[in-house]
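This report describes the arrangement of two protein chains and how they meet. The model is shown first, and the description follows.

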Amino acid sequence: MKKNTKPNIQIDDVVREMTDEEYQKFLDECPDLPNLAE
Amino acid sequence: MAGTTTNYGWTYPTSTDLVKDGATAIQTAIQGADTSLFTALGGNYPGMRLVKKQTIGSAVSSVTVSGAFSATYENYRILITGGVGSVNNGILRLQLGSVATGYYSNMIYANYASGSVASTGNNNGTSFTYAGVSDTINITAMIDVNSPFLAKQKQITGVWYDGTNSGRSQGQCSDQTSQTAFTILTTSGTLTGGTIYVYGYGIS
């Protein structure tokens with residue numbers, strides 16, 4: 001996992017880069033939704 | 001001799017009344033104002049009121065809004081407007097508090113040209129899907145959440161669209177614990193700018 005591929009996370013007014021753990025959790029919970037426009 | 005106001009008949013003392021009766025006169029007058037306002041406005045917390053406003057930061061894939069839900073209101077509307085996504089046809093998701101399981105929903109949508117109807121399901125998902133849209137023009141969502149603060153399962157509805165279809169997502173979060181916060185998440189790309197508004201439906 002490249003450090004610069006991790007997006008930011010925002011909690012109220014605070015924006016920071018996701019930790020490795022948060023990024024993995026985000027990926028794990030992100031559903032594979034169909035692109036309905038195709 | 002006391003008088004009354006023109007419109008609502010609030011009682012007030014006159015200059016010849018006894019000073020010792022002043023406290024009682026003030027109580028009577030202010031109670032009149034309280035009663036009139038309660039009636040005119042429709043209750044303690046009438047109508048729809050803005051309870052939280054959050055500006056979305058730069059290149060974020062999730063935005064947590066804390067302190068959004070409370071005992072003051074039972075039901076809420078979340079609106080997102082403005083800003084831009086980094087990709088087109090981005091699908092926004094919603095999580096309540098730290099709940100990342102037990103979301104059951106579907107999204108029924110129709111094609112603009114043909115009107116053909118189709119649907120897609122979300123069975124015990126980690127989030128409420130198709131809660132809103134992000135594309136390179138704007139970020140938009142219109143979500144209703146019933147009873148997020150109560151120790152009950154929560155009903156959720158949202159609106160979704162892309163360049164070909166639009167539809168309505170509806171379902172529930174089966175978690176029965178009280179939640180005060182929510183998180184908007186992307187499925188792809190990031191969000192920059194825009195505003196999240198949270199309104200409480202008045203309970204009077």
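## Exposure and the model

A residue counts as buried if 20 or more other C-beta atoms lie within 10 Å of its own, as exposed if 12 or fewer do, and as partly exposed in between. By this rule Asn124(B) is exposed, because 9 other C-beta atoms lie within 10 Å.

The mean pLDDT of chain A is 83, and 84% of its residues reach 70 or more. Among the elements of chain A, helix H1 (residues 20–29) of chain A has the lowest mean pLDDT, 91, whereas S1(A) has the highest, 96. Where pLDDT is low, predicted coordinates should not be read in detail.

## Chain A

Chain A contains 1 helix and 2 strands, and from the N terminus on these elements follow the order β-β-α. Of the 38 residues of chain A, 8% count as buried.

Strand S1 (residues 8–11) of chain A is joined to strand S2 (residues 14–17) of chain A by 4 bridges, and the two run antiparallel. Within this pairing, Ile9(A) stands opposite Arg16(A) in S2(A). S1(A) and S2(A) form a hairpin with 2 residues between them. In the turn of this hairpin, Asp12(A) has a positive phi of about 55 degrees.

## The contact between the chains

Which residues of chain B touch chain A, and how many are there? In total, 27 residues of chain B are in contact with 16 residues of chain A. On the chain B side, the elements that give two or more residues are strand S4 (60–65) and strand S9 (117–125) of chain B. S4(B) gives the most, with 6 residues. By residue type, the side of chain B that touches chain A divides into 8 nonpolar, 18 polar and 1 charged.

Strand pairing also crosses from one chain to the other: 4 bridges join S1(A) to S4(B), and these strands run parallel. In this pairing Ile11(A) stands opposite Thr64(B) in S4(B). S1(A) is therefore paired on two counts, being joined antiparallel to S2(A) and parallel to S4(B), where two strands pair if at least two bridges are found between them.

## Domains and the helix of chain B

The domain assignment of chain B gives domain 1 (3–41) and domain 2 (48–201). The C-alpha centres of domain 1 of chain B and domain 2 of chain B lie 48 Å apart.

Helix H1 (residues 22–41) of chain B has 20 residues. From its first C-alpha to its last, H1(B) reaches 29 Å, close to the 28 Å expected at 1.5 Å a residue. The number of buried residues among the 20 of H1(B) is 0, so this helix lies largely in the open. H1(B) is followed by Gly42(B), whose phi is positive, near 95 degrees.

## Strands and loops of chain B

Strand S8 (residues 103–111) of chain B and S9(B) pair in the antiparallel sense over 7 bridges, with Tyr103(B) opposite Gly125(B) in S9(B). S8(B) and S9(B) form a hairpin with 5 residues between them, and Gly115(B) in the turn has a positive phi of about 80 degrees. S9(B) is also among the elements on the side of chain B that touches chain A.

Ala59(B) is found in the loop between strand S3 (48–55) and S4 of chain B. Ala59(B) is partly exposed, because 15 other C-beta atoms lie within 10 Å.

In the loop between S4 and strand S5 (75–81) of chain B is Ser70(B). With 14 other C-beta atoms within 10 Å, Ser70(B) is partly exposed. Leaving aside its neighbours within four places in sequence, Ser70(B) is in contact with Phe149(B) and Thr180(B). The C-alpha atoms of Ser70(B) and Gly200(B) are separated by 9.3 Å, although these residues are 130 residues apart along the chain.

Note on methods. Residues are numbered from 1 along each chain as its sequence is written. Chains are lettered from A and ligands numbered from 1 in the order in which they are written. This is a predicted model: local features need pLDDT of at least 70, side-chain atom pairs count only at pLDDT 80 or more; totals for chains, interfaces and linings use all residues. Domain bounds come from an automatic or database domain assignment. Two residues are in contact if their C-beta atoms, placed from the backbone, lie within 7 Å. Ala, Val, Leu, Ile, Met, Phe, Trp, Tyr, Cys and Pro count as nonpolar, Asp, Glu, Lys and Arg as charged, and the others, Gly among them, as polar. The expected span of a helix is 1.5 Å times one less than its number of residues. pLDDT is the predictor's confidence in each residue, from 0 to 100.
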